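Hi,

Here is the structure I promised to pass on.

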Amino acid sequence: VVQALVEDLLHACHLLTSKTLLPRLEPCIGVGSAFEGWSPRGNTVYSLLVPLKPPTGHSFHLELGTGGELLDRHGRVRVQLECACQREKLLGYALCFLHHPEAELGRHEGPDFLQYLCTHSYLDVEKTSCWLQLVVMNAWLLLPPSHRCKLRLLPSSRSCKLRLTSASGGPLFIDILLGVQQGDSRIYLTSQEAEAGLTSSTTWLESCAVLEVLFFRFMARQAPRGSCHLECLQLFARLVKGTSFSSYCLKTVVMHLLTTITLSSWHRADMVERLNDVLHYLHHCLERKQLHHFLLGNERVPREVPLPPAFRAARPLNLFQHMAQEPDAHTQALRDFREL
């Protein structure tokens, strides 16, 4: 229902921006715990990724940082004007904006893309998110639900956070992220919140959220009826709040176990055993100060999950690297584990 609502919003956004030379909003992709099926009750935020495509006469060129490993990287999106002189000769009316800049102003409405949403020719996360917020709030007025539901924009500099309230129900929280696809892979540079130290508004973060959703969908098709793997994740996601362990850490543990423990052993009657397995695996990782990212260099990732070749051949990425470098962090994690 949430995805259908956002798709309607994006269609209305397209109607409002169709005559401009601003980015095209592609169909949304549900990502995160809500669309993976294990979001903690009472805290559900529906995150959706909206891929961006360049407008006519423009192209995106991704420049990934070279200092980090795969999935530990950030990058920038350089926007370039493309030469369309050959097409102009063939079609007659398709003027090349690169060599005829006056055509861009004469045949399209709205601001210039490079000046409006870019900083020094790089797509600006904050400017683009602000533009999306403005378009979404105007598009909402075109939809029938706007007459019976209230949509409020929540503060955010890197995404479009919405609070939807109807007369008959509680609030619904939606977070619309922007992304630029890396080639034909399912990896995106996204507008998700940057970690400390990455303050540039032209910095986009590499994300494999779409691949993780595909993994959980595949496991849902393979798992027996009544499988408890999502309930296990849901429970731990609530228990680890306020501890050294993120819900993503527990999700990684469960993903590893789903490919090492036979799926027939995840029946709801086996839930206590599987919860113990999660704890044992986590404790083993703590002792070694090593928890590998599930999608990198892991031969057990199902072939049905379309990993780029570089991911399968990559070195594993240690999510507990900080514990190896900071003894105090490791000590606190052990203390939190005993409590857990």
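This is a predicted model: local features need pLDDT of at least 70, side-chain atom pairs count only at pLDDT 80 or more; totals for chains, interfaces and linings use all residues.

Numbering runs from 1 along each chain as its sequence is written, and side-chain values use heavy atoms, with hydrogens and water left out.

Ser 201 sits in the loop between strands S11 (188-190) and S12 (204-207) (strands are DSSP E runs of at least two residues, helices H or I runs of at least four, numbered from the N terminus). Ser 201 counts as buried because its relative accessibility is 19%, the cut-off being under 20% with a 1.4 Å probe, protein chains only. Its side chain makes a polar contact with that of Asp 124 at 2.7 Å (N or O atoms within 3.5 Å, one able to donate a hydrogen and the other to accept it; residues adjacent in sequence count only if both atoms are side-chain atoms).

His 229 belongs to helix H8 (residues 229-239). At 5% relative accessibility, His 229 is buried, and its side chain makes a polar contact with the Ser 227 side chain, also at 2.7 Å.

H8 packs against helix H10 (residues 271-288) at about 55°, axes 10 Å apart (axes are lines fitted to C-alpha atoms over the stretch in contact, with angles from 0 to 180 degrees between N-to-C directions). The contact (heavy atoms within 4.5 Å) involves Glu 231, Cys 232, Leu 235 and Phe 236 of H8 and Met 271, Arg 274, Leu 275, Val 278 and Leu 279 of H10.

Cheers

Note on methods. Buried means under 20% relative accessible area, exposed over 50%, partly exposed in between (1.4 Å probe, protein chains only).
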